[in-house]
Amino acid sequence: MSSYVITGASRGIGLEFVRQLSANSENKVFALVRNKATATKLKNLARNNITILEADVTDGKALQLAAAEVSKATDNKLDYLINNAGATTDPGLTLDQFPDPEAVEKDLVENFRTNAISVVHSTNAFLPLLKNGSAKKVLTVGSALGDSELTLKAEVTARAGYSIAKAALNLVVAKYAAQYKAQGFVFLSINPGSVDTSADAISEPSAGTIAENTALFKAITTNLPNHKGRITPEESVRLQLEVFNRWTVEETGAFVSQHGSKKFV
Ligand SMILES: NC(=O)c1ccc[n+]([C@@H]2O[C@H](COP(=O)([O-])OP(=O)(O)OC[C@H]3O[C@@H](n4cnc5c(N)ncnc54)[C@H](OP(=O)(O)O)[C@@H]3O)[C@@H](O)[C@H]2O)c1
């Protein structure tokens, strides 16, 4: 029996992690969501080995309470943590296009809290349980937009706050990896690929999102002709789990693609 905690499990890639991991009835899956009432697709999985818990990942205290619930159910142990939750603001602006210094700072801070500090909070909350677990593995879902080489090659100017936060996230992962390598922990950041999660979207895209996406896809398809288009959540999660399962402590702290390489397109 292996135990898993997955953040951002209400929809998209997180929901797919829950679906694939809970298909094995031997696994115990703890699915963390912001709001249980609206996590309809997750609830519809209706499997006995899934426990749904509420926590906003920007709220360190809420994550500690969720960890206490998991601890009660697992005799204070956890094998795997999957830090999947993340979000992007959609200002449709490059860094120098915000109307004033306060606006650009607000966007940067918001993205940093949701995509980088959140992973510090959730990792800290579950580390005591992971130390007692048998796998000691933490997968964090990063983004190729946080890679400076891809940014330069594809000339991606959109989603600055999100990209900067995802770059910082990779250093969060490296810090934990450096600290816990001697204890046999494996920390890994994986870019999931360009994943079409629109089927689970909770609202129609705003004008800002459409402008951002248009700029982003134009940059990527113009500058990176090898880009193969979007993949399904099913394919992304299957590939990520293959990489995560084979990843060893010798390679802890890396940031790789869903194929386990440094090639992001
Ligand atoms: N899709 C892609 O192509 C792609 C590419 C690169 C990286 N990623 C990364 O992959 C991860 C999953 O993305 P996705 O495409 O599945 O996104 P998505 O469909 O928008 O789902 C995001 C998930 O994160 C949750 N979430 C957002 N903010 C949260 C918060 N403050 N507290 C708790 N949960 C929160 C959402 O919960 P609610 O339902 O409550 O909003 C939802 O479950 C993210 O980290 C994203 O940055 C995605």
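Q: What makes the contact between the side chains of Lys-153 and Glu-149 a salt bridge?
A: In this predicted model, the N to O distance between the side chains of Lys-153 and Glu-149 is 3.8 Å. The criterion requires a side-chain nitrogen of Lys or Arg within 4 Å of a carboxyl oxygen of Asp or Glu, and the pair therefore qualifies as a salt bridge. Both residues lie in helix α5 (residues 148-154), four residues apart, about one turn of the helix.

Q: Why is Lys-153 called exposed?
A: The relative accessibility of Lys-153 is 53%. Exposed means over 50%, so Lys-153 counts as exposed. Glu-149, also at 53%, counts as exposed as well.

Q: What makes the pair Lys-41 and Asp-200 a salt bridge?
A: Their side chains meet at 2.6 Å, N to O. The limit is 4 Å, so the term applies.

Q: Is Asp-200 counted as buried or exposed, and why?
A: Asp-200 has a relative accessibility of 17%. Buried means under 20%, and Asp-200 is therefore buried.

Q: What makes Arg-238 and Glu-234 a salt bridge, and where do they lie?
A: The N to O distance is 3.0 Å, which is within 4 Å, so the pair meets the criterion. Arg-238 and Glu-234 are four residues apart in helix α8 (residues 233-246), separated by about one helical turn. Arg-238, at 35% relative accessibility, counts as partly exposed, and Glu-234, at 32%, is also partly exposed. By the same rule the count comes to six salt bridges.

Q: How do you know that strands β1 and β4 pair?
A: Strand β1 (residues 3-7) and β4 are joined over three bridges in the parallel sense. At least two bridges are required, so the strands count as paired. Within this pairing, Val-5 stands opposite Leu-81 in β4.

Q: What makes β4 and β5 a pair?
A: Strand β5 (residues 137-141) and β4 share four bridges in the parallel sense. The requirement is at least two, and the two strands therefore pair. The bridge partner of Tyr-80 in β5 is Lys-137. From β4 the chain crosses through helix α4 (residues 101-132) to β5, and this β-α-β crossover is right-handed.

Note on methods. Residues numbered from 1 in each chain as written. Predicted model: local features only at pLDDT ≥ 70, side-chain atom pairs only at ≥ 80, totals over all residues. Heavy atoms only, no water. Right-handed = clockwise from strand over helix to strand, strands pointing away. Buried < 20%, exposed > 50% of the residue type's maximum accessible area, 1.4 Å probe, protein only.
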